[in-house]
Amino acid sequence: MDKALSRDGTSIAYRHRGEGPPVILVGGALSTAATEAPLARLLARLLAPHFEVVTYDRRGRGSSGDSGPYSVERETGDLAALVAVVGGRTSVFGVGAGGALALEARAAGLPVDLPAVHQPPYIPWASGVRFKACCTARLHRLLSAGDRGGAVELFLSVTGVPADMIARMRRAPLWPGLVSLAHTLAYDDALLGVGAIPAERFASVTSRTLVAFGGFSPTPARLATRALADALPRARHRTLTGQNRDLAPQAVAPVLAEFFGRDVYARQAS
């Protein structure tokens, strides 16, 4: 992997594929580019014939550094370093908490021409904000006690993974890799603030923005995504039929290609 230097001196590991207009893929919780997460790997392959696609390890993950203490400003600085690598302007697709990071970066003034996000986990209701506050407190207690596995289990349960599946995951080969990233759950938690949509800050995101959600996602997630789209001045709200929180690359690639300005998928299908 190549390395870019963030504003605070943190080394950010990245790789790029293809040629054309640049697109940076921003991963969500517990994901890295170095481990070739299926969504990032396959999505990059699908887009690479038409775009220069950059995947990277967010700070504290994989081959990237982790200069502390964490702040949203430091992490938007990481993304700024990658924007400089690809020539000073880019489009961005962020998944989950990575979508929140993409929007924060655009609101901070980064030259992101076309941001696209999938289900950033905001909770735009008072009850949701209270629930997140409880989860934040519990997450920090677990991490402070060194219970990294408990922190991962908390995240999985909050995102809807059934208890029996979590138990199977604990016995699976992938579990140590998830546990190694447990500390970054606190980063994503900080990135989301109190959990409410920062409507006043996002009012400055005046670029065309794609806000997508899965048609099979739970009703609260769909309503939250709609509320996020309403808070963005030029948002396009898009349902990905048959999808949920876990995206199929083949379902989202043509949507992104169209949004980012290439109609190659439509031409190939005709």
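Two strands count as paired if DSSP finds at least two bridges between them, and helices (H or I, at least four residues) and strands (E, at least two) are DSSP runs numbered from the N terminus. The model is predicted, so local features need pLDDT of at least 70 and side-chain atom pairs pLDDT 80 or more, while totals for chains, interfaces and linings use all residues. Residues are numbered from 1 along each chain as its sequence is written, and side-chain values use heavy atoms, leaving out hydrogens and water.

Within this model, valine 23 stands opposite serine 91 in E5. Strands E3 (residues 22-26) and E5 (residues 90-95) run parallel and are joined by four bridges. Both belong to an open, mixed sheet of eight strands, ordered E1-E2-E4-E3-E5-E6-E7-E8. Its edges are E1 (2-5) and E8 (235-240), each pairing on one side only.

Helices pack on this sheet. Helix H3 (residues 97-107) lies across E3, E4 (52-56), E5, E6 (112-118) and E7 (209-214), at about 145° to E5. Helix H11 (residues 249-259) touches E5, E6, E7 and E8, and its direction makes about 160° with that of E8. Contact means heavy atoms within 4.5 Å; axes are lines fitted to C-alpha atoms, for helices over the stretch in contact, with angles from 0 to 180 degrees between N-to-C directions.

A nonpolar core is a set of buried (under 20% relative accessible area, 1.4 Å probe, protein chains only) Ala, Val, Leu, Ile, Met, Phe, Trp, Tyr and Cys residues joined through side-chain atoms within 4.5 Å. The largest has 37 residues, with Ile24, Tyr56, Phe202 and Leu228 making the most contacts inside it. A second, separate core of 22 residues includes Val23 and Phe93.

Note on methods:
Buried < 20%, exposed > 50% of the residue type's maximum accessible area, 1.4 Å probe, protein only.
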